[in-house]
Structure formats: C-alpha cells, structure tokens
Amino acid sequence: MELNLTANAPGADLIKDVSEATFMTDVVEASQTTPVIVDFWAPWCGPCKTLGPQLEAAVTAAKGAVKMAKVNVDEAQMIAGQLQIQSIPTVYAFFKGQPIDGFQGALPESEVKAFVDKVIKAAGGAAPGDALAEAVEAAEEMLAEGAATDAAQTFAAILGEDPQHAGAYGGMVRAHIAMGELDQAEALLNGAPIEISKAPELEAAFAQLELARQAQNAGPVAELTATVEAEPDNHQARFDLAQALYAKGDAEQAVSQLLDLFRRDREWNDGAAKTQLFTIFDALKPNDPVVLNGRRKLSSMIFA
C-alpha cells in the first residue's frame with residue numbers, strides 16, 4: 001500500500017554549501033519562493049557535527065518544502081558579522097529574503113524536526129509531519145472500526161516514510177494484537193528502533209500485548225463472579241475475574257474489581273492488584289475516563 005504523503009522529490013540543489021559570493025543568490029533570492037534554513041558552522045565545532053546531519057535529514061524528509069544552506073563561518077566572516085553570529089552552531093531560517101526564525105546551539109533530533117516543520121508552516125507550506133499525522137489518525141479509525149488488516153497496511157506505509165514514527169509503530173503492534181497475532185506483535189516490539197523503544201505509544205502497545213496474553217487464559221466471567229460473591233476474600237478469584245472482565249472488553253469493571261482487591265489487601269501477591277491496574281492504565285488512552293477515575297480512586301487509597 002502506498003500513501004501520497006509527500007510533495008515532489010527533492011532536486012539536487014536542496015542542500016548547498018554557500019559562500020559569501022553565493023549567499024545572495026542561494027539564500028536571499030532563493031528564499032523568495034521557498035524557505036531556506038541556514039546552518040552557520042565551522043570544522044572545529046563539535047556540536048556542529050551532530051546538528052548539521054540532523055538538519056540535513058529533516059530538510060531532505062521535507063521533499064522540497066524547504067532548502068538548506070551551509071555556511072562555514074571561517075570562510076564567510078563578513079556574513080557572520082552582518083548577521084551578528086555570536087556562537088556556533090547558529091541556525092537562521094530565511095523567507096522572502098528575511099530571517100523569520102532561528103536558534104543557537106545543538107538541539108535534540110525531535111526539536112530539529114519540529115523547527116523545520118515550523119519554518120515550512122510559517123512559509124505557508126505543509127510540513128511532512130502533518131500528512132503523517134493525518135494518516136495515523138485514519139489508521140487509528142480503521143483499527144477502532146475493526147479493520148485491523150487495513151490499519152496495519154496503513155501503519156506500514158507510514159513507517160515506510162518515517163521508520164521512527166512512534167505512533168505508527170505502536171499502532172502496527174496494536175493492529176497485530178487485534179488480529180490475534182500476538183507473537184508477531186511481540187516480535188515487532190522486540191525489534192523496535194532504540195530511539196523510540198521507550199516512547200509512550202510503544203509502552204501502551206506493550207501493556208496491551210501483556211493483557212492480550214492474559215486474556216488467552218482468562219476464565220469464565222459468570223463462574224468467577226459467583227465465586228467472588230460467595231467468597232469476597234478470595235483474592236485470586238477476584239484477580240482472575242478482573243482479567244476475565246478486561247478480556248471481555250469491560251475495562252471499567254475490571255478496574256473496579258482490582259481497586260476492591262487493593263482496598264482489601266494491597267500487598268497480596270507482591271502488590272499484584274496495583275501492578276495490574278497500572279498495566280490497564282498504560283494500555284488505555286491517558287484521557288480515558290476509566291483511567292482518570294481509576295487513577296484518582298487508587299491515589300485516594302494510597303494516600304488515605
């Protein structure tokens with residue numbers, strides 16, 4: 001499956017080394033139609049060696065929505081003086097011949113990407129992240145409607161554009177869980193790029209996988225309910241009932257049973273009730289009412 005997520009392919013002049021002689025043409029004039037990000041660097045600058053490639057990667061990913069000019073300040077001291085470059089790396093974004101944004105020093109890769117997206121938007125363009133976000137939203141809708149296979153294909157296409165897109169990677173794992181392919185989901189999680197392995201989207205997918213494994217062995221709700229009603233202090237039966245309820249799609253009642261278990265004996269089975277509650281909270285969306293109410297009730301018990 002292919003997604004039309006980007007504009008035209010970049011030309012050969014997307015990233016240029018710019019001198020004092022070509023600055024007017026390659027930056028000021030070129031920025032009349034396309035924003036130009038200028039990276040002021042020097043061979044002796046350590047942070048420049050990290051920032052430069054990050055900028056180049058983000059500009060390349062934008063597929064022509066923005067250009068980049070690299071200026072060696074050792075060889076362009078007049079321009080550096082005119083723009084009052086105090087330290088390097090310094091980055092300026094030009095549009096319509098004028099600086100419109102900038103920053104000094106190295107930044108995390110995510111902030112570099114965000115800066116490039118911001119420059120593109122400021123110039124009236126569509127940042128590559130926008131199209132990917134829309135595609136993720138569409139895939140999430142497919143997954144919610146039960147079209148897990150279509151969702152997995154869409155997530156895969158997004159990852160083809162951005163292999164480190166945590167939202168798409170987590171979505172891919174959850175799509176395989178929805179299809180009952182738990183081993184494949186686990187393999188995906190184990191093979192996640194290190195850069196996103198601790199992202200909230202992957203943590204949520206891991207929690208969902210753990211709950212799905214439990215669901216395979218969940219007992220019958222009716223029998224477990226009868227046992228709990230007859231033996232209120234049967235903690236294992238109540239814990240098993242919570243697992244069975246979640247497996248049937250009743251997260252709210254599962255949380256309720258676990259809260260009751262925690263209230264009765266918070267230390268039972270090495271704090272299993274609390275651990276299971278956090279697994280459910282991680283698996284659901286942070287703003288889910290079940291999560292919000294459950295966290296509030298748990299906190300009131302812990303700090304009572």
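**View 1. Strand β1 pairs with strand β3 in the parallel sense.** In this predicted model, 3 bridges join β1 to β3 (residues 67–72). Lysine 16 stands opposite alanine 69 of β3. Strands pair if DSSP finds at least two bridges between them. Strands (E, at least two residues) and helices (H or I, at least four) are DSSP runs, numbered from the N terminus. The model is predicted, with local features needing pLDDT of at least 70 and side-chain atom pairs counted only at pLDDT 80 or more, while totals for chains, interfaces and linings use all residues. Residues are numbered from 1 along each chain as its sequence is written, and side-chain values use heavy atoms, leaving out hydrogens and water.

**View 2. An open sheet of 5 strands shows mixed pairing.** The strand order is β1-β3-β2-β4-β5. β1 (15–17) and β5 are the edge strands, each pairing on one side only. Neighbouring strands are turned by 20° against each other on average, direction ignored. Helix α2 (residues 46–61) packs on this sheet and touches β1, β2, β3, β4 and β5. The direction of α2 makes about 160° with that of β3. Helix α4 (residues 109–122) lies across β2, β4 and β5, running at about 170° to β5. Contact means heavy atoms within 4.5 Å. Axes are lines fitted to C-alpha atoms, for helices over the stretch in contact; angles run from 0 to 180 degrees between N-to-C directions.

**View 3. Strand β4 pairs with β2 and with β5.** β4 (residues 90–95) is mostly covered, with 5 of its 6 residues buried. Buried means under 20% relative accessible area, exposed over 50%, and partly exposed in between (1.4 Å probe, protein chains only). Strand β2 (residues 36–41) runs antiparallel to β4, joined by 5 bridges. Valine 36 faces phenylalanine 94 of β4 across this pairing. β4 and β5 (residues 98–104) are also antiparallel, over 6 bridges. Valine 91 has phenylalanine 103 of β5 as its bridge partner. The hairpin of β4 and β5 has 2 residues between the strands, and lysine 96 takes a positive phi near 55° there.

View 4. Proline 89 is in the loop between α3 (77–82) and β4. Glutamine 84 is placed in the loop between α3 and β4. Glutamine 84 counts as exposed, at 60% relative accessibility. Lysine 63 is in the loop between α2 and β3. Lysine 63 is partly exposed, with a relative accessible area of 25%.

**View 5. Helix α7 packs against helix α8.** α7 (residues 166–178) and α8 (residues 182–190) meet at about 160°, with axes 7 Å apart. That angle makes α7 roughly antiparallel to α8. Angles over 145 degrees count as roughly antiparallel, under 35 as roughly parallel, 65 to 115 as roughly perpendicular and the rest as oblique. From α7, the contact uses Tyr169, Met172, Val173, His176 and Ile177. From α8 come Leu182, Gln184, Ala185, Leu188 and Leu189.

**View 6. Histidine 235 lies in helix α11 (residues 235–247).** Histidine 235 is buried, at 14% relative accessible area. Histidine 235 touches Leu261, Arg264, Asp265 and Trp268, not counting residues up to four places away in sequence.
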